[in-house]
Amino acid sequence: MTTDLKKSLLLHGAVLAVLFASQFVLPAYHHGNLARVMILASYAMGYNLLFGYTGLLSLGHALFFAAGLYGMGLAMSQFDVGAGPALVCGVIAGTLVGAVIGMLALRTEGVAFMIVTLMFAQAGYLTILYFGTYTRGDEGFVIAQPDRVLLGLDLSDPTVRFFAAFTVFCIALIMCLAVVKSRFGKVLIAIRENEDRTQMLGYDVTRYKFSAVVLSASLSALAGAAYGILFGYVGASFASVQYSIFPLLWVLLGGAGTVLGPLIGTLFMFYLIDLSSGITTAYMLIAGVVLVLLTVFAPQGILGELRRRVWKWLP
Amino acid sequence: MDFGPYLMLATLEGAVTAAVLALTASGLALVFGVMRVVNVAHGEFFMLGAVLAWWVTQMLGGSAVMGFVIALCVVPVLVGCLAALTDMVILKRISYDPERTIVATIGILYIFQQVTLMTYGPDARPVAPPFNTRIALPWIDFVDGRLSLYWPWGLSITSYKLAVIASAGVILLALWLVMTRSKLGLMMRATEQDRDMALAFGIPVEKVYAFVFGLGAALAALAAVLIVPIQQAHYLMGGDPLLLSFIVVIIGGLGSLPGAVLAALLIGLSDGIISVFFSPTLAKILATLLVAFVLVFRPHGLFGVRRG
C-alpha cells in the first residue's frame with residue numbers, strides 16, 4: 001500500500017512538473033490553450049467527484065460553473081468588488097446553489113436525478129437570459145483589465161495567467177487526491193458500488209451524497225470564477241446545456257473515477273474540437289461521435305482501461 | 001379585439017400546439033413505457049422529420065398537395081427506419097442500461113443535429129401547405145340587449161390548422177387501436193409488463209424494441225411533417241419539442257400513453273394561453289421548474305400510478 005502511495009505521489013508530482021515546465025517551452029497559442037485546459041480540467045475534476053466517485057450522474061453542472069462565473073462577474077460589475085473578494089463570492093454562490101440543488105435533487109435517483117439536474121440547469125440558464133439587464137444575456141460582458149489584478153498580479157498577462165491557472169489546477173488536484181485517500185472518499189466509492197449495503201453498514205448515505213454534491217459544486221464554481229477572471233469574459237453560453245455535457249464527456253473520455261482522467265479527457269477533447277472547428281462549423285459532431293463510441297466501446301475511459309490492465313494502484 | 005375573441009384565438013392556436021405535442025410526446029412515452037429508456041435524441045427525430053419533409057417536397061417539385069402527401073407517407077417511415085437502425089447498432093450494444101442510454105442518446109442528438117447543419121445548412125426553410133384557406137370565425141356578443149353574431153377582425157384560423165388538429169386525433173386513435181386491439185400491440189404490452197416472461201413466451205423482444213424505438217421516432221417525424229407548413233424547418237428546432245415532450249411525459253406519468261395525451265392537451269392549451277400573457281422566457285422558466293419539482297415531489301407524475 002505504501003509503495004502504491006509513493007507511486008501515485010510520484011506520478012502526480014511528475015504531471016504537475018510537466019505542466020509547470022511547459023510554460024517555458026510552448027508557443028504562445030498553445031500556452032494560452034493549456035491555461036484554459038487546466039481551468040476546464042479543474043471543472044471536470046469537480047464533476048468527477050460526483051460522477052466518478054459517488055456514482056451520481058448530473059446533467060446540470062453548468063449551473064454550478066455559471067454560478068461561480070456570475071457570482072464573481074456580477075459582484076464586480078454591480079457592486080465594484082475587488083478581484084479577490086469577487087472570486088470568493090463566486091465560490092460561495094456556487095456552494096449555495098449546490099446546497100439547494102443537492103437538497104432537492106437528491107430526493108430522486110437514477111434517471112430522475114439526471115432529468116431533474118438538467119431541468120434546474122436549464123431554468124438557471126433561462127433565468128440568466130431573463131435578467132438580461134444585469135447579465136447581458138447571450139452577449140455577456142467583458143471584465144476590464146484593471147479589475148483583473150489580484151494581489152498586485154495582473155491576471156491578463158499570459159505568463160501570470162498561466163501560473164494562476166496552474167495554481168487553480170493544483171488546488172483541484174490536491175483536493176481530489178485528499179478526498180479520494182480519505183475515509184470520506186472511501187465511503188463515497190462505497191456508495192457508488194453499492195448504496196444499500198453502505199447504508200446497512202451504518203453510514204448516513206444521504207448526508208454523504210449531499211456533501212459530495214456541495215463539494216463538487218464548489219470546485220466547479222471555483223473553476224467558473226477563475227475562468228471568468230483569467231479570460232475576462234462572462235456570458236450565458238457557459239450556463240447552457242453544452243457546458244453540462246462537456247464535463248461528462250471529458251470525464252468519460254479520460255476515465256471516470258480516476259484523479260488524472262479529467263485532465264487527459266479535457267486536453268484531448270479540447271484539441272480535437274479546436275482542430276475540427278477549423279474545418280467545419282459543425283464541430284459538436286465530434287463530441288457526439290466520441291460520446292457514442294465511448295458508451296459503446298470504452299465506458300471506462302482512457303485511464304480506466306489503463307488501470308484495469310496495467311496500473312492497478314491508480315487513484 | 002375584445003378579451004373573449006382574443007382568448008378563443010389563443011385557445012385555437014394552443015389546440016394546434018397541443019395536437020402536435022400529443023403526437024411527439026406519445027412517441028417519447030411509448031419508448032419510455034416499453035423500453036424503460038429515456039431518449040434524449042427524440043427532438044432530433046422531430047427535426048429530421050421537418051427537414052426531410054422540406055427535402056422531399058423540393059425533390060418532387062410539382063404541386064404542393066402531391067409533394068406534401070408523399071412527404072407525409074414517406075418521411076415518418078424513413079425516420080422510423082433510421083431510429084430502428086440506431087437502436088440496433090448502438091442501444092442494443094449497451095443493453096439498454098438507463099444511464100448509459102441517456103449519454104449515448106445525447107451523442108446521437110449531436111450527431112443528427114450537426115450532420116443536418118453540415119448538409120442542410122443553418123437556414124430555416126418553409127414548406128408550402130397543401131391547402132390554406134382562411135376561415136373567419138364568428139363571435140357572439142350582446143348588441144343593444146340581444147345576442148348577435150359578428151365576425152371580429154383578426155379572429156380567424158386557416159383550414160390547414162384545423163386539418164392538423166383533426167389528423168393528429170385520427171393518428172392517436174389509430175395508435176390506441178394498434179396498442180389495444182392488435183397482436184403487435186399485445187406483443188408491445190407484454191414486453192412492457194415483463195421483458196423476461198415475454199421472451200420466454202417466444203416474443204422477439206429485440207425486434208419489438210427496435211420497432212418501438214422506430215415507431216416512437218416516426219410519431220415525432222409525423223408531427224413535424226404536419227407542423228412544418230406552419231413553422232419552418234431548421235436544424236435547431238428539436239430543442240423545444242424535446243423539452244415540452246419531457247414535461248408532458250413526466251406530468252402525464254412516465255410511460256403512460258393516455259396520461260401523455262391528456263397532459264399534452266393541458267400543456268399545449270395553457271402554453272398558447274400563457275404565452276399571450278407572459279414573456280416566453282418566463283413561461284419556459286416556470287415550465288422547467290414545474291417539471292423538476294414534479295419529479296422531486298411526485299416522481300410518478302401527476303396522473304401516474306406507482307409501478308412495481
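Author: Start with a definition. A residue is buried if 20 or more other C-beta atoms lie within 10 Å of its own, exposed if 12 or fewer, and partly exposed in between. B:Arg36 has 15 such atoms within 10 Å, so B:Arg36 is partly exposed. The model is predicted.

B:Arg36 sits in the loop between helix H1 (3–35) and helix H2 (42–60) of chain B. Its phi is near 60 degrees, a positive value in a residue other than glycine. Most residues other than glycine have a negative phi. B:Ser95 also has a positive phi, of about 45 degrees, and is not a glycine. B:Ser95 lies in the loop between H3 and H4 of chain B. B:Ser95 has 8 other C-beta atoms within 10 Å, so it counts as exposed.

The scores are ipTM 0.78 and pTM 0.83. Chain A has a mean pLDDT of 85, and 99% of its residues reach 70 or more. Within chain A, H10(A) has the highest confidence, at 92. Strand S2 (residues 149–150) of chain A has the lowest, at a mean of 74. Chain B has a mean pLDDT of 84, with 92% of its residues at 70 or more. In chain B the highest value is 93, in H8(B). The lowest is a mean of 71, in strand S2 (residues 139–143) of chain B. Where pLDDT is low, the predicted coordinates should not be read in detail.

Check its length. Among the buried ones are A:Met284, A:Ile286, A:Val290, A:Leu294 and A:Thr295. A:Ala287 and A:Leu291 are buried too.

What covers the buried residues of H13(A)? From chain A, the cover includes helix H11 (242–254), helix H12 (261–279) and helix H14 (301–309). From chain B, it includes helix H3 (64–91) and H4. Leaving aside residues up to four places away in sequence, A:Leu249 touches A:Met269, A:Ala287, A:Val290 and A:Leu291.

A:Leu249 also belongs to the largest nonpolar core, which has 203 residues. It is among the residues with the most contacts inside that core, as are A:Ile39, B:Ala53 and B:Val212. The largest share of this core, 18 residues, comes from helix H8 (residues 205–227) of chain B.

Compare helix H8 (residues 183–193) of chain A. A:Val187, A:Leu188 and A:Ile191 are its buried residues. Seen down the helix axis, the buried residues of H8(A) fall within an arc of 105 degrees, so they line one face. An α-helix has 3.6 residues a turn, so residues three or four places apart point the same way. The face of H8(A) turned away from its buried side carries exposed A:Arg183 and A:Glu193. The cover over the buried residues of H8(A) includes helix H2 (28–53), helix H9 (195–200) and helix H10 (205–231) of chain A.

H10(A) holds A:Ile229. A:Ile229 is buried, with 29 other C-beta atoms within 10 Å. Beyond its sequence neighbours within four places, A:Ile229 is in contact with residues including A:Met72, A:Leu87 and A:Ile143. A:Val234, in strand S4 (residues 233–234) of chain A, touches A:Ile143 as well, along with residues including A:Leu69, A:Phe141 and A:Gly228. A:Val234 has 26 C-beta neighbours inside 10 Å, so it counts as buried.

Key:
Residues numbered from 1 in each chain as written. Chains lettered and ligands numbered in written order. Predicted model: local features only at pLDDT ≥ 70, side-chain atom pairs only at ≥ 80, totals over all residues. Helix = DSSP H or I, 4+ residues; strand = E, 2+ residues; numbered from the N terminus. Arc of directions from axis to C-beta. Contact = placed C-beta atoms within 7 Å. Core = buried A, V, L, I, M, F, W, Y, C linked by C-beta atoms within 7 Å. pLDDT = per-residue confidence, 0-100.
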